[in-house]
Amino acid sequence: MAVMVGKLQYNWDLVCANLLFGANFSFYVSLTRYWLDFRQIFMLQVLASALFFIPFALFSKRSYRITWRDFGRVFIVALLVIYGWMYMLLWGASHTNPIDASTISTLGPVFTLIAAHVMSRSRISFARIAGVVFALAGAAVLIFDKGVLVARGSEGYGNALVLAAVVAIAVNTVIIKPQLRRLGTLVVMGWYYIIGLCITAPFFWRYVSSTDFLRLPLSALTELAYILLLGTVLPMYLLYRGTEKLTPVHTALYRYIQPVVATALALLRHQERLDRENIVAAALIFAGMVLVVFGFSRSASSSATSREPERTAGDGSRKRP
């Protein structure tokens, strides 16, 4: 019973994280469209996360367990989180709309499961290949829906940047799983932002000093506060805590909450209209996700079945005189 309650808690962590992340897309677009450069938001995101997470790394005994191998992996994943995901997502969101950005974010599950497949070195199935093709076709609909070329500054360009961010966050949640289990979520994330603060500090004042934040309207300040606290610090913690305890399939499937929230907010705030390209892309990506999960589940069940006869044979051999 206690195990079931614990699992339920971590599932709720992923649900809440994706609800909070989903609202970000609408706020990213409105802030970068009217009030702030995306790099200013990025710098403040890193600072807010650093202030919250770094003390857990500095004052935890688990930090003394970090080996050079652990640090190397944490360093790589920190770069994926800071510049691969946070920076690229904001950059892309500044050129596109919340519905496109959140729809592309649903590709995350596909790349999460592909990364899990590569790390487990399991056999490639036809269902997985077909799923990846469908999902990428959905992304292509949004990236190239305004033309063949992805011109710099266009919505297609922004969607391509969001896709790069989605790949980064999907891959890093799989790569860092062993360290999350051994060192704990808060310690690992503290080290992310120690590294992140070191690599962004030289540029911080250059971007942040150019804006008088106190002169921003209350609506913009509220959106910024949401992004920094409820849209970055809290959901990042919940995401990695859920990732630490659950499977890549769980992490993947809950990602589909994000476009529902982002689309609802975008429509309510009249930021974008739902068009045929969004529906076609969402359908292709969802179909791709179903195929990838199906291939992942079949591979896991096949591996379990293939190991069962070996255990039986082993028991039988021990019973022989």
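How are H3 and H9 oriented to each other? The points below start there. Keep in mind that this is a predicted model.

1. **H3 against H9.** Helix H3 covers residues 68-93 and helix H9 covers residues 185-208. Their axes lie 9 Å apart, at an angle of about 60°. H3 and H9 are therefore oblique to each other. The crossing is right-handed.

2. **Who meets whom in H3 and H9.** On the H3 side, the residues are Phe71, Val74, Phe75, Val77, Ala78, Leu79, Val81, Ile82, Tyr83 and Met86. They meet Val188, Trp191, Tyr192, Tyr193, Ile195, Gly196, Ile199, Thr200 and Phe203 of H9. By class, this contact holds 17 nonpolar and two polar residues, with no charged ones.

3. **H3 against H7.** H3 also packs on helix H7, residues 155-175. The two axes come within 8 Å and cross at roughly 155°. An angle over 145 degrees counts as roughly antiparallel, so that is how H3 and H7 run. Here H3 passes H7 in a left-handed crossing.

4. **Who meets whom in H3 and H7.** H3 brings Arg73, Val77, Leu80, Val81, Gly84, Trp85, Met88, Leu89, Trp91, Gly92 and Ala93. H7 answers with residues including Tyr157, Leu161, Ala165, Ile169 and Ile175. The count by class is 16 nonpolar, four polar and one charged.

5. **H4 against H12.** Helix H4 (residues 98-105) packs with helix H12 (residues 257-268). The angle is about 175° and the axes are 8 Å apart. H4 and H12 are therefore roughly antiparallel. Pro98, Ile99, Ser102, Thr103 and Ser105 of H4 touch Gln258, Pro259, Ala262, Thr263, Ala266 and Leu267 of H12. Six of the residues are nonpolar, five are polar and none is charged.

6. **The length of H10.** Helix H10 has 28 residues, 218-245. At 1.5 Å a residue, H10 should span 40 Å, and its end C-alpha atoms are 39 Å apart, so the two values agree. H10 does have a kink of about 35°, centred on Tyr226.

Definitions and conventions: Residues numbered from 1 in each chain as written. Predicted model: local features only at pLDDT ≥ 70, side-chain atom pairs only at ≥ 80, totals over all residues. Heavy atoms only, no water. Helix = DSSP H or I, 4+ residues; strand = E, 2+ residues; numbered from the N terminus. Expected span 1.5 Å × (residues − 1). Bend = angle between axes of the 7 residues up to and from the residue. Axes fitted to C-alpha atoms, helices over the stretch in contact; angles between N-to-C directions. Parallel < 35°, antiparallel > 145°, perpendicular 65-115°, else oblique. Left-handed = near helix turned anticlockwise from the far one by under 90°. Contact = heavy atoms within 4.5 Å. Nonpolar A, V, L, I, M, F, W, Y, C, P; charged D, E, K, R; others polar.
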